[in-house]
Amino acid sequence: MIASLKKMLNLEWTFFKLSAIADLQVPFNLGLQFTNDILWYSMQIILFESLYLHIDSLGGWGIAEMRVFLGVLFLVDAFQMILFAYNFDVFSEKIARNELDLLLLRPVSSQQLMTSQKLQCGFLLNAVFALSWLLWSLSLLPEGFPWIRSLLILIVVPAALSIFYSTRLIFCSFALLITRAEHFHDLYFTFFKMGQRPDHLYGPGIRYIILLLVPVGMITSFPTKVLVDPTNSWALPALLTVAASYLFATNLFWRWSVKRYMTIG
Amino acid sequence: MGIVVVPVCYFLVEAAFWTGLIKASGDELLGGFSARYYLGYFLYLILQLGSMNWRFERAMIAEINNGAVNALLLRPSSFFEYHMGQLLGQKLITALAMLPIISFIAWRWDLPFHAERLPMVFLMGICYVILLFSLHFAVASMAFFFDNVYSLNNSKNMIIWILTGELMPLDLLPSPIREWIIALPFSCGFYIPAAYLSGRIEIDVFLRGFISLAIGGVAFGLLAQFVWKRGVRRYSGTGA
Amino acid sequence: MNDVVIKTNQLTRNYLTSHKEAGLLAAMKGLFFKTSEVKHALFPTNLEITRGQIVGLVGSNGAGKTTLLKLLSGLIFPTNGTATVLGYTPWERPNCFLKQISLLLGQKNQLWWDIPAWDSFHLLITIYDLDKSKTLKHVDELATRLNCQHVLKTPLRRLSLGERMKMELIGCLLHSPKILFLDEPTIGLDVVAQTNIRQFILEELKGTDVTIILTSHYMDDIALLADRLLLMSHGAIAYDGTVDDFMSLTPSTKRLIADFTTPLPEELIISPNLKIPVGALSFDHSLSSTELFNVLRIITSKIPIRDLKIEEPDFEDVMRIFLEKESSLHKARNIV
């Protein structure tokens, strides 16, 4: 198991190096990628800052807590853009062009090859911006923020990323099972959009869907709860449990989908 | 099925968010409007007239990059007309197919929906599609000059998304930013038709939108023509 | 010692396809009433391939070549039957099996598009757990033999198709596979690039322990490289033997081409089935060996000849005749 993990990390490091070489061929693109994401961050900031001009609190969260929420959202988004986004965007196309066949013949995990081969190194700048925003917003919390708690970022962000990865992979894997799966991409982002808002804004039915069924609601809301509320003792275990179990379930689903793909031919 | 399900899903997401938001704020009104008005506003999402089809845009850039544009350049109709025709057709069919769904949702949940304003809203939607297409065409034509235009295209779409009011009703923005943004032609992509259809604004603001649409349409049309002509002249026939 | 590396026993693959008619009404009808049919991509096949053989797998489009290739490389499951490749069941895809095989697809890039092949090879070194310095030395040697050293460090997208294919070939050979699946390696290449790749395979791989399954629509690839010919038609192996034996299967015919000095003044009847019309300026027919001498004697004695050629049928002609015959036999069986 340790040897497999070591191989995976080694491979990921090689992906990073090659992706950096590829990205540096088009430096103009790096600047644009950064700009695009900053624009997207600005949209979220404008939305909530404008809303808080008209209201004082949203489900007990004031503007300070909401800024922390946005910081977590930006940071998770930045890392998923670096590690997975490009691969998931071209996932269906690759399946349609039978490029998975070539990956199935490599003596390494086809799941890793399909989902994280091409990294987008330009978004590292966005990760720096996102982390800065997060730390700044934590410093503005009304009850203060002991800085030792910022180490929790090292736990909650990977857990959130893992949930993002699992949920996105499950939706993308439908491309292995049905001919035209592009609308699953749109459907996923519909759910993901719901996860980009605090989960306590939604009614119980929707919360059930976005926290348990397609747990996109955990990607940003739960890490925020862990960070802003030291008295909350259940958010972190819940986040870690869902992250681990979904990662396991996703791996099983991937293997089953590949077997179906090989059966259908 | 995706053409029907996806826009309805977009609406449901916004509906869930805005009703939850207003409830969680503890007030019945947000910016002077109740949750019903926000639902009525976001009904326009289902028509999909205000948004560009991202896959379609990427396809056009890919055609220039890989040389598939060669075949289209040899056809008796122009590249602009070819793609415009495709897009308008897709938008109109989607919008017409969605009308019964919108009407049903508005009736079932008693949402503010002025059906008699639909013809004018459709007209604005079509004019906006033409304007947006011209801008998109100009940006996509930059694929003649640059290797990778996708990021530039994404930037353009991101900015437009903020300016149309699809993210949130523009009247929630602070003054004077609100007035400046509503004055731009992009507000005709979502805010003005959606607000007019739901009764959030009246005919005077709606008609002012046509003026900015006309100015924007001419400007982007000229830009598209200019960039395209220069691009074709420069074109090296990649993949021919 | 000729040990068997690939063995199949009643290996079969069927697909369930839905039958769809053209037209809008038919498309709408298809939403509610679906008809499916079973397509036999590969009928029960028994095959043994020994180590070091180069097997040319040919056939018309849809004959089952790719299906057989995919089954042997482990990309799809069979409907029935078994196969062992290097002692493994290919579709279980154990890593130790995957490290010993390689697949080259003529129409697909496996290397990264935006970076030089040299950098992509580093990825393959990691994937196959290869020794870095030894492998890079091996890359240099292969590139020298393929005459593409000068483009090793150029981004793949800037290379010509021939150069790209050479890089792909190097990538396939880095981990020294025991079995190489080459699916149309020379497709779309110019004559020079095709010759380079053929020569490379001939000089570097033929006669070694590497077993090669080669599919190609270019008969020159097969004629030059293949030790053994597997001809597939409609999901079954129609011929299994050497190229020379295959050539001797077809009746011996030769093509006689004669150009006349002046147009023929009147119709010349050579036989009840063979006439040269009045005004003809040339004669071009395939004739059996027995007919050839007689026709040649009549033409040269009666008509002033400007130019004369006698051509032997080449491998491609023989293949075409064989496949056409197979196709008409298949149609006749289906009608009956």
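Me: Hi! Leaving out residues up to four places away in sequence, which residues does Val76(A) touch?

Reply: Hello! In this predicted model, Val76(A) touches Val157(A), Ala160(A), Leu161(A), Phe164(A), Ile219(A) and Thr220(A) once those sequence neighbours are left out.

Me: And which residues touch the most other members of the largest nonpolar core?

Reply: Val76(A) and Leu43(B) do, in a core of 207 residues.

Me: Which helix gives the largest share of this core?

Reply: That would be helix H3 of chain A, residues 63-89, with 16 residues.

Me: Okay, let's zoom out. How many helices and strands are there in chain A?

Reply: Chain A has twelve helices and zero strands. Read along the sequence, the pattern is α-α-α-α-α-α-α-α-α-α-α-α.

Me: Why is chain A said to be as compact as a globular protein of that length?

Reply: Because its radius of gyration is 19 Å, close to the 18 Å that the globule rule gives for 265 residues. If you like to picture a box, the C-alpha atoms of chain A fill one of roughly 55 × 45 × 35 Å along the principal axes.

Me: What percentage of the residues of chain A count as buried?

Reply: The buried share is 43% of the 265 residues. As for contacts in chain A between residues at least 6 apart in sequence, 75% of them join residues at least 24 apart.

Me: New topic: chains A and C. How many residues does each chain give to the contact?

Reply: Chain C gives 24 residues and chain A gives 18. On the side of chain C that touches chain A, the elements giving two or more residues are helix H3 (95-98), strand E5 (101-105) and H4 of chain C. H4(C) supplies the largest share of that side, five residues.

Me: What kinds of residues does that side of chain C have?

Reply: The side of chain C that touches chain A divides into 14 nonpolar, five polar and five charged residues.

Me: Back to H4(C). At what angle do H1 of chain A and H4 of chain C pack?

Reply: Helix H1 (residues 2-23) of chain A and helix H4 (residues 117-127) of chain C pack at about 175°, with their axes 10 Å apart. An angle over 145 degrees counts as roughly antiparallel, so that is the word for H1(A) and H4(C).

Me: Which residues meet there?

Reply: From H1(A) there are Asn10(A), Leu11(A), Thr14(A), Leu18(A) and Ile21(A), and they meet Asp119(C), His122(C), Leu123(C), Thr126(C) and Ile127(C) of H4(C). By class, this contact has five nonpolar, four polar and one charged residues.

How values were computed:
Residues numbered from 1 in each chain as written. Chains lettered and ligands numbered in written order. Predicted model: local features only at pLDDT ≥ 70, side-chain atom pairs only at ≥ 80, totals over all residues. Axes fitted to C-alpha atoms, helices over the stretch in contact; angles between N-to-C directions. Helix = DSSP H or I, 4+ residues; strand = E, 2+ residues; numbered from the N terminus. Parallel < 35°, antiparallel > 145°, perpendicular 65-115°, else oblique. Contact = placed C-beta atoms within 7 Å. Nonpolar A, V, L, I, M, F, W, Y, C, P; charged D, E, K, R; others polar. Rg over C-alpha atoms; globule rule 2.2 N^0.38 Å. Buried ≥ 20, exposed ≤ 12 C-beta atoms within 10 Å, placed from the backbone. Core = buried A, V, L, I, M, F, W, Y, C linked by C-beta atoms within 7 Å.
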